[in-house]
Amino acid sequence: MPHPDALTRFLPDLRRFAAALTGSPRSRADELVLRALRDVMVKAPEAGDGAGDDQLKRGLRANLAHLAHVQVPRHPAANANAFETALLDLPSTHRAALILICVEDCTYEEAAQTLGVNRAVLIGRLAAARQLMARRLQEEARSDEAPPYLRLVK
Amino acid sequence: MNFGRFVSDAELCGFLDGEVSAARASEIAAAVRSSPDLQRKLRAWREQSQWLRASFGRIAQEPVPDMLRQAVPAHRLPSVAHEYVLPPSAPVAQKYARGADIAIWKLLVISLIGLFLATALYAGGVVTGTQACAPTLIQKWMDQPKSLRGS
C-alpha cells in the first residue's frame, strides 16, 4: 500500500482532476476519488509499494480516468454553462486527455503514460477534443443568437 | 505551394501546448499569422484552456472534505497479498524466491537428463555396450555347469 502521507498530499489534485472529469455536482467527483483510493488500498494493496510519487499519482489519475469512463453518466447539471456542457459531451477518453493537458499541466508524455496510449494517440484525442468542443460551443452560440422561432430544439 | 506552412490540428495542439520544436514553432507561428482560419481555431482552443484552468484550477486550493481525509488510514495497512508472497521480511523472502527459481531450473535440467538416459537405456544402446565390454564374473558363473554353480 502506498504511504498514507503521499495519498493525503495528492488528494487536492485528485479532487481537481475528478471534478473536471465528472462536472458538477462536486459530490460526484469526491465519490470517484473515494473509489479510486479504495481500489489502491483494498483491491491492489501492493500497487503503491515502492512506487515514486509521480508513478503513484499517475496510477491514481489513470484509475480515476477509468472510473469516470465506466461509471460516470454524461449528464451535465441543469445549471451547467455552455463550456461545461460541451466538455461533458466529449467522449470520456478525449475529455481525460484534454483535462490532463489543460488542467493538470501534464506533458504529452506524462498524459500518454497515464492513459496508457502512445503519444500519437494522445495528440489525436486532444486535437479531436478541442475541435469537438469548439464546434459544440459555436453551435451553442448560434442557437443563442437565433430568434426564438428558429431556435434549435433538442 | 509551400508545404512547410501546412499545419495539422495535431501540430497546432503541440504549438499551443509548447510541445513542438523551436524551428517548427516559428513556422507554425508564421502560418497562423497568415491564416484567419488558424487564428480562429487557435483563439477558440486558447479560450477552452483558459476556461478549464479558471474553472477547475482553484479546486486544488479548497479544503479536502473529511470523507476523503478519513478514507486514508493513518498508517500503512498490512497487505495480505504482499505478505503471502514475501512472508517475514522482504530481502530474505526475495532471496528465497530467487532460490526457488534456481531450484526449479535444476529440477528441470535433472529431469531432462534422466529422460534422456531412460530413453537411451530403453533403446538398448547402453545395455548393449555394457554387455559387450563387461564379460563379468556373473556371465562366467552363468556359463558354468549347474553342478558347479552352488559351490
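Q: Let's start with A:R119: how does it count in terms of relative accessibility?
A: In this predicted model, A:R119 counts as partly exposed, at a relative accessibility of 32%.

Q: And which side chain does A:R119 meet in a salt bridge?
A: The partner is A:E109, with an N to O distance of 3.7 Å between the two side chains. Because A:R119 sits in helix α7 of chain A and A:E109 in helix α6 of chain A, the pair ties together parts that are 10 residues apart in sequence. A:E109 also counts as partly exposed, with 43% relative accessibility.

Q: What about the salt bridge between B:R24 and B:E11, how far apart are the closest N and O atoms?
A: Those atoms are 2.8 Å apart in the bridge that B:R24 forms with B:E11. Since B:R24 belongs to helix α2 (residues 22-34) of chain B and B:E11 to helix α1 (residues 9-16) of chain B, this pair ties together parts that are 13 residues apart in sequence.

Q: Is B:R24 buried or exposed?
A: B:R24 is buried, its relative accessible area being 16%, which is under the 20% cut-off.

Q: Switching topic, which residues lie nearest the centre of the largest pocket?
A: Of the 14 residues that line the pocket, A:A134, A:R135, A:Q138, B:R40 and B:A44 lie nearest its centre. Two elements give two or more residues to this lining, namely α7 (119-145) of chain A and α3 (36-56) of chain B. The greatest share comes from α3(B), with seven residues, and the space in the pocket is about 400 Å³.

Q: How do the residues of that lining divide by type?
A: The lining has six charged, five nonpolar and three polar residues.

Q: Now the surface: which residues form the nonpolar patch?
A: The patch is formed by B:W105, B:L108, B:L112 and B:L115, which together have about 470 Å² of accessible area. B:W105 is placed in helix α6 (residues 90-123) of chain B and is exposed, with a relative accessible area of 57%.

Q: What does the secondary structure of chain B come to overall?
A: Chain B has nine helices and zero strands, and 22% of its 151 residues count as buried.

Q: Back to chain A, how many residues of α5(A) are buried?
A: The helix is mostly covered, with 10 of its 11 residues buried; among them are A:H94, A:R95, A:L98 and A:I101.

Q: Where does A:D105 lie?
A: A:D105 is in the loop between α5 (92-102) and α6 (108-115) of chain A. Its phi is near 55 degrees, a positive value in a residue other than glycine, and A:D105 is exposed, with a relative accessible area of 52%.

Conventions
Residues numbered from 1 in each chain as written. Chains lettered and ligands numbered in written order. Predicted model: local features only at pLDDT ≥ 70, side-chain atom pairs only at ≥ 80, totals over all residues. Heavy atoms only, no water. 1 Å grid on protein atoms, 1.4 Å probe; cavity = no way out; pocket = protein on both sides within 12 Å on 5 of 7 lines; lining within 4 Å. Points joined across faces, edges and corners; volume = space filled by probe spheres on them. Helix = DSSP H or I, 4+ residues; strand = E, 2+ residues; numbered from the N terminus. Nonpolar A, V, L, I, M, F, W, Y, C, P; charged D, E, K, R; others polar. Patch = residues over 30% accessible without salt bridge, like charges linked within 9 Å, V, L, I, M, F, W, Y side chains within 5 Å. Areas by Shrake-Rupley, 256 points an atom, 1.4 Å probe, with all protein chains shown as cover. Salt bridge = Lys/Arg side-chain N within 4 Å of Asp/Glu carboxyl O. Buried < 20%, exposed > 50% of the residue type's maximum accessible area, 1.4 Å probe, protein only.
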